[in-house]
Amino acid sequence: MSYTPMIHQYLAIKAQYQDAFLFFRLGDFYEMFFEDAKKASKELEIALTSRNGGKDEYIPMCGIPYHAAKQYIKVLIDKGYKIAICEQMEDPKQAKGMVRREVIQLITPGTIMEDESLQPKKNNYLAALNASSDGSYGFAMSDLTTGETRVTLITTWDGVIQEMDANDVRELVLTPDFDPTKKEELVERLNTTFSESKEDQVPDQLKSITEGIEQEKLLRPLGRLLNYLLSTQKRSLDHLQPADVYHINEYMMIDQHSRRNLELTHTNREKKTYGSLLWLLDDVKTAMGGRRLKQWIEKPLLNQKQIEKRMDAAEALKEHLLERETLRSLLGNVYDLERLVGRVSFGNVNPREVVQLKRSLEQIPEIKRTLAELGEASLSKYEQEMDPCAEVRELIAGAVVDDPPFSTADGGMIKSGYNETLDQYRDASKNGKRWIAELEAKEREETGIKSLKIGYNRVFGYYIEVSRPNLKLIPEGRYERRQTLSNAERFITPELKEKERVILEAEEKRVGLEFQLFGDVRLKIKEQSARLQKLARLVSSLDVLQSFASVSDRNGYVRPQFSKDRTLSIKNSRHPVIERVMRRGTFVANDFNMDKTCDLLMITGPNMGGKSTYMRQAALTAIMAQIGCFVPADQATLPVFDQIFTRIGAADDLVSGQSTFMVEMDEANYALSHATQNSLILLDEIGRGTSTYDGIAIAQAIVEYIHDHIAAKTFFSTHYHELTFLEEKLDRLKNIHVGAMEENGTVVFLHKVLDGQADKSYGIHVAKLAGLPDNLIDRADEILQGLEQSSPESVESTASTIQEEAEQEVAAAETVEEEPEQLALFADVKQEDTAPSLSKRERKVLHELGKIELLTMNPMDAMNKLYQLQKALKK
Ligand SMILES: Nc1ncnc2c1ncn2[C@@H]1O[C@H](COP(=O)(O)OP(=O)(O)OP(=O)(O)O)[C@@H](O)[C@H]1O
Ligand SMILES: [Mg+2]
């Protein structure tokens, strides 16, 4: 190849970082070439140019100024890309031949440390997975910004997906030979960046992180994770905390769909935090508290003792309003200790952040005092275990000025009195400057030029400036000329240059020494990482507990009790989020009464009546209780649920190419195969995605199955009134309905849950409320009446077995198809051979129609097919 040596160097380095953008440092720019350049110019919206890369070769190129790199890195990281930062490793002026260049860091979505790319209240997890031959998976994850590392063993593939989803893993490291179909599934279901690393032996210098862990199945994913971190970050990872082994069965299991459906951390439609449970419960004062709250919501507890411990503390804080307010204002002054410690270790902490660390530590003694005053046993752990890290605070207070510059480049961050040599340099430069000020006065005096001044610039150093009209006043030979401006001349004297040398030397030494001293301070803080991290953990948990207390107090929540006999009994229960966004006092509270003789509730009632709301509020109440928060009710007794399953209509998964009905059945199947009698199941209008009779049949079979084989607490809403007869058949099933009234032809929703079944659907009333055209509504009424008259059986059927239903379906199919055109059409099909009236083309279309497999098609494809068929007919 005829490439230049530099392009050869570029290609050699790029070969090692194929799945990343290579930011290749050239002077003040990071340049990209070839495909990288084409892709980057699109993603970053920057100009694509080209460069002569050898004899005749022009190669695509684009570049970004190195000082603006952060913002471009953020854009690429947000899109899930990786970036290899390749720097010049020697001064180009001194380099013999090609400047040596090396990749100093591979920045990836799971390892980014820059604030610009991180959300304060969200962990940024990098995970690694290791498949064992027995079908289990070791799963390790780490947040490089906070140093937390956790590892667990997961026995099922579903569990892996759930764990990835629950923790919102940003990047996953796999072995290069990981099962490709499984990887494909992960790519489809999760929004994660994938990386590879072969190495899975825990590196020697990071052994402390895995201390005490002996299981090979846990060590391997940890080894893979740590090797990946070392090879990409190429620097100290001392702030990584010892890995915490956890068991996924210590936490309530909520599958990926149910998490979405219940809108735990973001809403379904808009993907916003606003309107989610996280939003509701977030009254934390620190970023760390925000992350902890999210972790708790994502992992509700199962151990009642642990839950009660959190509740005791939240209750104590709820009862003591004054102290809580004091704590809140103190916490408000605490910065992100965890991430600050991470940056200290990582080496990219700036002087301002070090001062933030000090300010945060200054709050701790006061927080401890307030907790001590509270005198509550439930909070004494926090009071006793919080270590104010006084040495760190004093170290920073003694060394760093209170309002330091952002960058260390020009010094100015170290306090005077901290280091004697530094003080001497400062004096030297100060004295020099004073001498210069005196010189200016002296020269004015002696030359009589009042406007004479001494200035400084980086190129010429110190100079004496005299304006043009005054030049004649300068005695011959007094100054040496240096520079001519349009209206002035600049001069120097040997004395001035000598002083300049002294000043600049002192300045340079000062800046260098300040940098070094700041580095020492950083290292001393780094030695205390573990203590600071422990403190951060306590502060963040305390912050979440005070948030629970504040939110519970403000919204009138009560402390729930836990039942041992699976009783679910809630008085005046409300949907916590809807209640908050509605006008105060307008949400209608409802009760739940499910003792051990009742496992299933069949909920009927009009559209918009509040069925879905009622079901969801049960699930949200259970989750709130199990994370240790109070609940929206006047009185609440709940079982500790091991899992929650939902099938709720809203999240139809069109994007992933699955049909509505398929998603429904998938989710139902998942619930039926995983639920235990300690689970909570919400099935919202299951079976409505297919024909009425198929739907009813499947729904009934599911209800019976849950009743007979699982006995989980189950809420089942439906518009199939036919199903309410099941109350007679299944003794642990109860009918309830949401009330509605008809008033002057419109429906009034009471939102009150009542015993028994609903009498009417009001579907058309609701359609009217939605503003459909009047004549359309009239027509619907007409059709409804027709249907009710023509087949009273099918509308008010009290079918009792699936068998009967199936038979009826056949019968019904025949009655429904009474439309004259349809009859004619089908008649024609039957007499295909003998009917000359049907053209060849028409027969072909019919044949095509018969072949379509509707169940495997998505709605868009079905529409397209229909369109084609119709077009074929019209030809
Ligand atoms: N208890 C309540 N108090 C006040 N308003 C409520 C209550 N429950 C529900 N609503 C309001 O009614 C609206 C409809 O509720 P929901 O979606 O639960 O009805 P639904 O019975 O499930 O309807 P559909 O059968 O169409 O799914 C909600 O968005 C909410 O604004
Ligand atoms: Mg609904």
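Two strands pair if DSSP finds at least two bridges between them, and strands themselves are DSSP runs (E, at least two residues), as helices are runs of H or I with at least four, both numbered from the N terminus. This is a predicted model, in which local features need pLDDT of at least 70 and side-chain atom pairs count only at pLDDT 80 or more, while totals for chains, interfaces and linings use all residues. Residues are numbered from 1 along each chain as its sequence is written, and side-chain values use heavy atoms, with hydrogens and water left out.

**First stop: the sheet S3 to S6**

Select strand S5 (residues 83–88) and S6, which run antiparallel and are joined by 6 bridges. Within this pair, Ile83 has Ile107 of S6 as its bridge partner. Now extend the selection to the open sheet of 6 strands, whose order is S3-S4-S2-S1-S5-S6 and whose pairing is mixed. Strand S3 (49–52) and strand S6 (101–107) stand at the edges; each has a single partner strand, so one side of each lacks a neighbour in the sheet. From one strand to the next, the twist averages 35°; axes are lines fitted to C-alpha atoms, for helices over the stretch in contact, and angles run from 0 to 180 degrees between N-to-C directions. Contact here means heavy atoms within 4.5 Å.

Strand S8 (residues 137–143) and strand S9 (residues 148–154) pair in the antiparallel sense over 7 bridges; the partner of Phe139 in S9 is Thr152.

Show helix H14 (residues 377–385) with helix H18 (residues 529–555): they pack at an angle of about 150°, with axes 10 Å apart. The two are therefore roughly antiparallel, the term for angles over 145 degrees, whereas under 35 counts as roughly parallel, 65 to 115 as roughly perpendicular and the rest as oblique. Leu379, Lys381, Tyr382 and Glu385 in H14 meet Lys534, Leu538, Ser541, Leu542 and Leu545 in H18.

**Last stop: a salt bridge at Arg328**

Stay on Arg328 and display Asp283: their side chains meet in a salt bridge (3.3 Å, N to O). The term requires a side-chain nitrogen of Lys or Arg within 4 Å of a carboxyl oxygen of Asp or Glu. Asp283 lies in the loop between helix H8 (277–281) and helix H9 (287–298) and Arg328 in helix H11, so the pair ties together parts 45 residues apart in sequence. Across the whole structure, a search finds 63 salt bridges.

Key. Chains are lettered from A and ligands numbered from 1 in the order in which they are written.
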